[in-house]
Every structure is written in structure tokens, then in C-alpha cells.
Amino acid sequence: MIKNYFKIAWRNISRNRSHAIINLLGLAIGIACCILIMLWVTDELSYDKWNEKADRIYRITPEISFGGSHKHYATAPAPLAGALRSDFPEVETSVRFREYGNSLVNYENQNYNETAIIYCDSTVFDVFSLRMIQGNPKEALAPPNTLVISETIAKKYFPNEEPIGKTLNFDNRNEYKITGVIEDMPSNSHFNFDFFVSLTGGQEANNGQWLSNNFKTYYVLRQGANVPEFENKVYSHLMEKYISPQIEKLFGQPYDALTESGSFIKYHIQPMTDIHLKSDLAGELAPNGSMRYVWIFSLAALFILLIACVNFMNLSTAQSSLRAKEIGVRKVMGSMRSNLINQFLTESMVMAGLALVLGLTITQIALPYFNNLADKDLIFPYYSPVFWLISIIGIGIVGLLAGSYPAFYLSSFKPIQTLSGKFMEKGGNLSLRNSLVIFQFLIAVLMIIGTLVINQQLNFIQNKKIGFERDQILMLDNAETLGNTAFTIKNELLNNPQITNATVSGYLPIPSYRSDSPLCKNQEIREDNCVSIQYWNVDEDYISTLGMELVAGRNFSPDMPTDSSAIIINETAAKLFGFEDPIGKQVYGDSDFNPQGRESLPAVTIIGVVKDFHFESLRQNIGAVSLWLNPFPGYICLKVNTNDLPNLIPEIERTWKKMAPNLPFSHRFMDESFDQVYRSETRISQIFSIFSGLSIFIACLGLFGLAAFATERRTKEIGIRKVLGATKANLVGLMSKDFLKPVTISLIIAIPIAWYFMNEWLVDFAYRIDIEWWIFALAGVLALIIAFMTVSFQSLKAASANPVDALKSE
């Protein structure tokens, strides 16, 4: 009997190929989309959980408000890690990370520009589960000037040699002995480094400064430690014993008096497993993800799958109602109702099973492309029993629901009703079908509006006037190792007529972590007297090269020796100081500010005010910045004519090689560096656009199938109308309006929902678009046009048919 069920099921599928293809394709694409999105979601949720102590690792995150600046940092004071170990028995161990940027690594006269470098304590292997292949994790980083490298780096530098004991030179200054090799870190980590350099013996690592935050500090709590209790006492203890005495020494008043003016320092505790999705602090080790996107994509996966399942059920029930006479004949021939139920459920389960197989095939084909788009290394979960269990149970439920209508409803009719042609679908079933169409297009329209808003915001970011010219600015890396040669290269390159200007500086207006220091109206460091400001060391060509605008005063000049004690501030700093005319005003500060043991601050004169420019992400408001004539050669930036880049870049490289033959030539454009900040949003937008298009496609597949079913049922009605004089336009309009009504209703429901949730998303940006009416109008028009074109194809086909063929049996 079971074999017969499958045979009849296959026969019905073969007989109605077009319906079967629409049904299978829609559900298969929905399954593939859902699997791809959930693989991405699962990967995002898995970050840092590979660590054996993941549930006990935390970090301290200071929140500081002073001088018009309010920031929450991922960095903490240098002595914090030691204090945690010595003062709190709940702390098992701790470790500090310190970033110093890229380094030029030399081995046997070969130079490589390396970016994945971190300086850390030897306890890093006690905190994180970094598997050591060679070396002793207890001793590897204990001596000064030691280094642990990843397996990839070991193969890169020592393909046929033993790396242990070898020495690598950093920036032509420091040499580090390799004492260990670890396995490459998992990609699902909030940090990923190839070089772990010992902090032992470093002057900054042992400076005892509690008011300077430069170290990412992680610690492990002992098993059974009370986390809330520890959090309550750690801040009060550290403030009383360490921080408050240094505040009183620096500010000349106790911390309580400082808080009365609105300033404060708070220490927060953050679980390591929250960092990737719930943290966007100043000084993160790498750009993090967002729990908001995890929720958005999880809902998108659910809704796309629901659209596909609704399609499957809609088309299955619609098609089965045409088989009423078949049911009557089967009953007359002696078929039991239970046999009919089993038959319809078997057919539905076979279709659902085929859709699952096709969906899994599509997933495997699409996964490499999806990985490239999402910048992931996702793998298909072949060996996950949970995945297969969920897939089989899920598709079984879909098959049962889709087959339940013909199985339990149609099989209940008496044969006389179906064979006499008196069977008609009840209005409630048609209403349910229309409700499901409304639901499908509601989700599709929400995704269309979301895609349009995200693209508009990204377009706004890319085209917003940000206070400087980021286009046509070529950045040459590795200048920090050149010393004064950087200025020689700059002057040499200016002889090229395609290079209109150049500057040397380590401070560029592209988002990166920089700490603030106080700049004060007089020698007293107080909240009402100082501005928390960034100190940027630049040369006299910095403003002109980057196209910044001076709104008051003048630029630095090589002909003015006094400019060594002069500064230029931005408009935000001028407002925070409260100066009506800041030009000529003296302020007090030092770009090498040391909060410990300072007797006095040197005086500097404000000679200019530069128009506010964005140097952080557009998620943040513009902060205070000061420019000092003290260039540090981090980068050589060139204002270039981009009409002939293929020839210009080699010319620049030849000049570099002539002046610095042992250093690799590395370049990038500033606009590319700026856009990298929004790389996550760009990827999200691209992925969301693709899945929005697929959701519309799946919804239209269902609409196409329902339209085909409706025209099939109304063939004789259409024939009669044509005989009575109805035109093609009349018939197309008649057939289309029944399907456009639910689409219109879905628009009315979707618009306020989309407006609310997209405004919530935009709140993350300090500078954002207003959601204008045309976005909703465009989404509505697109949905209606797509729906009309889908339905009108079937309507036009029916309206063009010969009425004789429809009525000849009457």
C-alpha cells in the first residue's frame, strides 16, 4: 500500500510539472536562504566560545567624562592587571594587551609589513586557550624581547627551518627572539594575531599611571566567584586605593569634588563572550559585529522560510481542490477516508522531501559565494546531528501542514457532491489564502524598505561633506621607519607634476583609536577649566594637502620659528573653551602629557581654527582636536592627479626604492581606509539586498501559481465573458484586481512597521538620513508592479484563449 502511495504521488507530480516546479523551487530557495543565514548567525554567536575558560573571562572597561568628552573605553590603566591579581582573591589570573600598530619585520634582509601584532604579558596562555605547538607556554614570553608566532607566520618566514631561537627585527630598531609557535587562532575570535610580543621589561608597562588608559585588560575569575559582588567592590577598592590619590595629586582636589562639576570615572565589567556582538567601545582590538544584525538576519531567515512554506501550502491546497472529482471516484470505488488521508499526506511529504534535497544542493553550491560576500569561512554542517534532526522535523511539519487541507477537508465530502460538480471551496479557505498572500508580501515589502534605507544611509556616509578631501589622497605606509628620510622622499615626490601637495604625519582623519589629554585655560587642571582634546602632530602642509578649511587665523609657516609653541584647534574645541575669538589666546597642555608627577603645563598660543572635520565614524559626534607643528612620520600622504594612476604609482615606487631600497613599498587610498569603517554595514546591505530580492521572487512564484490556479478554475467564466464582448483589458483587470488587493493591504500594514524599525536602526548613527516618503512610495510601486506583472501573465494568457475551447463541452 505504501509503495502504491508513492507511485501515485510521483504520477501526480509528473502530470502537473509546472505546478510541481513552482512548488519545489520556491520552497527549496527558501530552505537554502534560511540555512545560509542561520550558518552566519551561528558563527556570529560562537565568537570566543572556543576558549576553555570563556564563561569566566572578563575585561575592565573604563567610562570617563571630563572636559566636554564622554567616552567608554576598551582600554584600561597599565597597573590594573597586577592590582586585580594581588588585591582580589576571586581573580585567578589576568593579562594585558597593548597595540603599537603595524611593524616592518625583517629576517635575513627580507622586509614584511605585518599588521597582526600584539604586545602582551606572559600570562596570555593562562587566560586564553592558545595551543602551543612548539615551546613552553609558561616560559615563552616571560623573558624580555621574546616573541611567539603563529603557525602561518612560521611557515612564511621559516619554510625549511626551525623557528625556535631565531630572531626577528621590528622596524629596524628592536630584535625579538622566537620562543614559541602556536596554532593559528580560530576565525571566530574578537581578536586574531600572528605575533605575540612580550611586554616584560617595557617602560610603559610598568609606569604605575592610573589616569592613562592604553592596555586592554582581561582577567579570569575563579570557579564559583560571585560576579555581581565582585563588580560592586572592585571599583570602590581601586578608586580608594589607587585612582583617587593620583586624581588629588594631579587636580589638586579630591575625586568627590571633581564629580560635583560633572566629571567621573567608572569601571565596568564585561564578559568576553559579549564583546563581539554587544561592544563598540573606543579602542576595540578589531571591528565587532552587532547583536542587532543577528536578530535582523534571524528574523529574515524565519520570514523567508515562512514565505516559502506559505507558498508551498497555498499552492498545494489550491491544486488539490481541483482533484475533488478524483476523490469522489476513489470513494465510489471503495477507498476508505484513511486511505485518502494517507495518499494526500504522502504526496505532500514527497514534495517537501524533494524540496529539502534541492534546497541542500542549492546551499552547497551557493556557500562559497556567500562566504566571499559575508567575509566568512562557513562550512556546511555535514556532521551535525542537530542540523539534520531540525531539517527533517521541520520539513516534515511543512509537509503535514500542506497536506492537511486535502487530506482532512476534501476527503470528508460525500461522493455525490464532488461527482455532481456541486463542490465549491468555502469562502473561509479563500480568505485564508488571501491572508497568507498578505503575509508574504508584508515581509517582502519590509525587506525592500529596509534595503532602500540601508543603501540610502551608506550613500549618505560616502557622499557627506566630512571637512576634508579624502579622494585622490594616496597614503604611503611604513614612513615611521624612515625618520628624516620621509621628508626627503616627500620633497622629491613634489617634483612630480602629477603630485600637487604632500604631508608627513602619523595622525590622519580616518577612524582609529586615539586617547585624549587635557588642554587648559591656565595651569589648573579642572573640569571647568580644561577641554579633553586630541593632540595631533602634523607638518605645515597638512591642512592644505587634506583640503581642510581654516575659518579663523592662519596655518603653520616654516618662516615662523614661534610656531613650535603654537597650535591650531577645531571649531568644537573653540566652542568647548568658550572663546569668542580664540586667535592669540594662550592655553596650557603638552602633546606628551604625563599625568603623573607634573609640576606645570607649558603654554601654547592658538594661531588658527580649522573647520570641524570627521575623524571618527559617523556614529560619533565630532570631538575636540588640536594640531601641533611636530610631524611624526607615520605616513606620507600625497594629493595626486588620478587621471594617470597606472603610470604614476610606478613612478612613486621608483622614488621610494631609490631613497629607501630596503623597505617594501606599500600604498592605499584614504577613501578606501575611510570606507573600511563601514565595511560591516556595506556587507550587511549587500546580503540584505540579495535576500530581499529572493523573498520577492519566492512570493511572486506563489502568486504566479495561484494566478494559474485561479484562471484554470475560471476558464468557462472567461469564455462566456469573451462571448458577451469583454476585451482582453477588461479580463486582465478583472483577474488581476483580486490579487492586487492583498498586496495593497500588505503595503498599508508594512509602511508604519518599517518606518519604526528603520528609525531604530538609524539611531546608531550620529549623522543620519531622514526617512522620506518616496522610499515607501518606491517600495510600494515596486511591489505592485512586480505583483501585477506576475499575475497579468496568467491573466493575459487566459484572456487570449479561444472561448470555443473553454465552452465546447457545455
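Throughout this note, "buried" means under 20% relative accessible area, "exposed" means over 50%, and "partly exposed" lies in between, computed with a 1.4 Å probe on protein chains only. The model is a predicted one, where local features need pLDDT of at least 70, side-chain atom pairs count only at pLDDT 80 or more, and totals for chains, interfaces and linings use all residues. Residues are numbered from 1 along each chain as its sequence is written, and side-chain values use heavy atoms, with hydrogens and water left out.

1. Let's start with the cysteines. The structure holds 1 disulfide, a term that here stands for a pair of cysteine sulfur atoms within 2.5 Å. The bond joins Cys-520 to Cys-530, with 2.0 Å from S to S. The link is right-handed, with 100° about the S-S bond. It ties together distant parts of the chain, 10 residues apart: Cys-520 sits in strand β16 (residues 517–520) and Cys-530 in strand β17 (residues 530–538). Both Cys-520 and Cys-530 are buried. Strands here are DSSP runs of E with at least two residues, helices are runs of H or I with at least four, and numbering goes from the N terminus.

2. Cys-34 counts as buried because its relative accessibility is 15%.

3. Next, a look at strand β11 (residues 195–198), which is covered on both faces. Phe-195 and Val-197 are buried on one side, Phe-196 and Ser-198 on the other. Strand β6 (residues 117–120) pairs with β11 in the parallel sense over 4 bridges; pairing requires that DSSP finds at least two bridges between two strands. Opposite Ser-198 in β11 stands Cys-120, which is buried with a relative accessible area of 0%. Strand β8 (residues 146–150) runs antiparallel to β11, joined by 3 bridges, and Ile-149 has Phe-195 as its bridge partner.

4. Finally, a helix pair. The axes of α15 (residues 485–493) and α18 (residues 645–659) come within 10 Å and cross at roughly 145°. Those axes are lines fitted to C-alpha atoms over the stretch in contact, and angles run from 0 to 180 degrees between N-to-C directions. Contact means heavy atoms within 4.5 Å. On the α15 side, the residues involved are Thr-485, Thr-488, Ile-489, Glu-492 and Leu-493, which meet Ile-652, Thr-655, Trp-656, Lys-658 and Met-659 of α18.
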